[in-house]
Amino acid sequence: MAAVGFRNWARALSRGKQPGFSALLSQVRAASGPSKGMLPGPYPKTPEERAAAAKKYNMRAEDYEPIPDHGEGYGDYPQLPDRSQHERDPWYSWDHPDLRRNWGEPIHWDFDMFIRNRVDTSPSPVDWHTMCKHLFGFIGFMMLMFYLGEKFPSYQPVAPKQYPYSSLHLERGGDPEKQPEERERTNVAGSKAKSAAEERHAEGERP
Amino acid sequence: MGAHLARRYITETETEPDPAKPFGFDPEFGFNERKEREMVASQAQMNLAQVPVLQRDYCAHHLIKLMKCKRDNWPNFLACKHERHDWDYCEHQDYVMRMKEYERERRLQMRKKRVEEAQAA
């Protein structure tokens with residue numbers, strides 16, 4: 001490729017009409033790309049131009065429809081349906097199975113977007129409104145249930161746990177000067193009997 | 001299991017106690033004698049043992065013994081069964097007392113309601 005380019009460059013320099021560097025810029029193109037006749041051209045205006053463009057893009061004349069010209073510069077490129085490759089038959093034996101395309105088939109303008117790794121235009125199993133109803137219904141229901149859970153919490157039927165030293169006033173970072181006076185912690189009735197039982201239990205297993 | 005929730009929210013909404021609020025009745029009411037709970041481990045001892053704040057309850061002395069036993073017997077993690085049981089039993093007693101306190105509060109509330117209805121009648 002570089003050798004071909006160099007020869008072109010040398011030939012253009014020796015034969016070109018303009019002197020110097022401008023001689024290099026004209027008509028120097030590698031042979032590996034499409035030929036002049038295969039490239040897109042201007043928007044077709046006459047039926048003959050349409051027929052020629054359809055032939056160029058390997059389409060039937062009745063199928064060929066150029067992209068409407070609003071000044072974006074699409075030229076005579078055909079307008080193909082905006083369907084991604086996901087929607088094509090997966091079981092048909094395509095020439096290129098990964099791209100689901102046959103040789104010579106006209107390529108969509110956004111073909112690289114519509115490959116199977118990217119944008120998928122296939123229809124969803126459920127229609128849009130059903131999807132919205134289901135999603136927002138579920139979210140709304142969950143929010144309602146969480147709200148009810150805050151209003152009516154579930155708890156065990158036990159009193160709050162009691163902590164010593166004025167419910168750990170100093171340990172929780174309280175001011176040493178100010179001691180909050182709470183009601184004293186008391187044992188359940190029969191405290192004497194209970195502490196005796198505790199002693200018996202503590203000494204029960206050890207000699 | 002859960003009958004207290006039905007009582008609290010549906011059937012007896014005035015008398016079922018709310019554990020989030022402090023219990024208002026006198027702790028000695030209805031008992032002949034009741035002594036204050038005694039705390040065995042001192043604050044200095046709990047600080048030295050680096051007991052987590054939420055575990056500095058009335059069973060902390062058992063927990064400190066358990067921690068010492070585990071520290072001494074590592075890596076034998078099966079060693080401290082007796083100390084662990086002591087601590088567990090103390091915590092169990094504490095939980096049973098919490099259940100009893102709740103029930104006591106509930107019965108006092110119902111008694112209060114009965115007394116008020118008798119006075120109104």
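In which loop of chain A is A:H169 found?

Reply: Happy to. Please keep in mind that this is a predicted model.

A:H169 sits in the loop of chain A that runs between α5 (164-168) and α6 (191-204). Is the residue buried or exposed? The relative accessibility of A:H169 is 15%, and the cut-off for buried is under 20%, so A:H169 counts as buried. As for its neighbors, leaving aside residues up to four places away in sequence, A:H169 touches A:G174, A:D175, A:K178, A:Q179 and A:P180.

Now the chain around that loop. Chain A contains 6 helices and 0 strands, and from the N terminus its elements read α-α-α-α-α-α. The chain has 207 residues, of which 20% count as buried; A:H169 is buried too. If you take the contacts in chain A with a separation of 6 or more, 34% of them come from residues 24 or more positions apart. The accessible surface of chain A is about 16,000 Å², and carbon and sulfur atoms hold 59% of that area.

B:C59 lies in the loop that links α2 (43-49) and α3 (60-73) of chain B. Its relative accessibility is 1%, so B:C59 counts as buried. Not counting residues up to four places away in sequence, B:C59 touches B:W87, B:C90 and B:E91. Another distance you can check in your viewer is the one from B:C59 to B:M39: the two are 20 residues apart in sequence, and their C-alpha atoms are 8.1 Å apart.

A helix of chain B shows how burial can be arranged along one element. In α1 (residues 3-11), the buried residues are B:H4, B:L5 and B:R8. Looking down the axis of α1(B), these buried residues fall within an arc of 105°, so they line one face of the helix. B:I10 and B:T11, on the other side of α1(B), are exposed. The cover over the buried residues of α1(B) includes α4 (81-120) of chain B.

For chain B as a whole, there are 4 helices and 0 strands, in the order α-α-α-α along the sequence. Buried residues account for 35% of its 121 residues. Among contacts between residues at least 6 apart in sequence, 49% join residues at least 24 apart. Chain B has an accessible surface of about 8,200 Å², with 56% belonging to carbon and sulfur atoms.

Finally, a word on empty space. Rolling a probe the size of a water molecule over the atoms shows where such space is left.

Terms used: Residues numbered from 1 in each chain as written. Chains lettered and ligands numbered in written order. Predicted model: local features only at pLDDT ≥ 70, side-chain atom pairs only at ≥ 80, totals over all residues. Heavy atoms only, no water. Helix = DSSP H or I, 4+ residues; strand = E, 2+ residues; numbered from the N terminus. Buried < 20%, exposed > 50% of the residue type's maximum accessible area, 1.4 Å probe, protein only. Contact = heavy atoms within 4.5 Å. Areas by Shrake-Rupley, 256 points an atom, 1.4 Å probe, with all protein chains shown as cover. Arc of directions from axis to C-beta.
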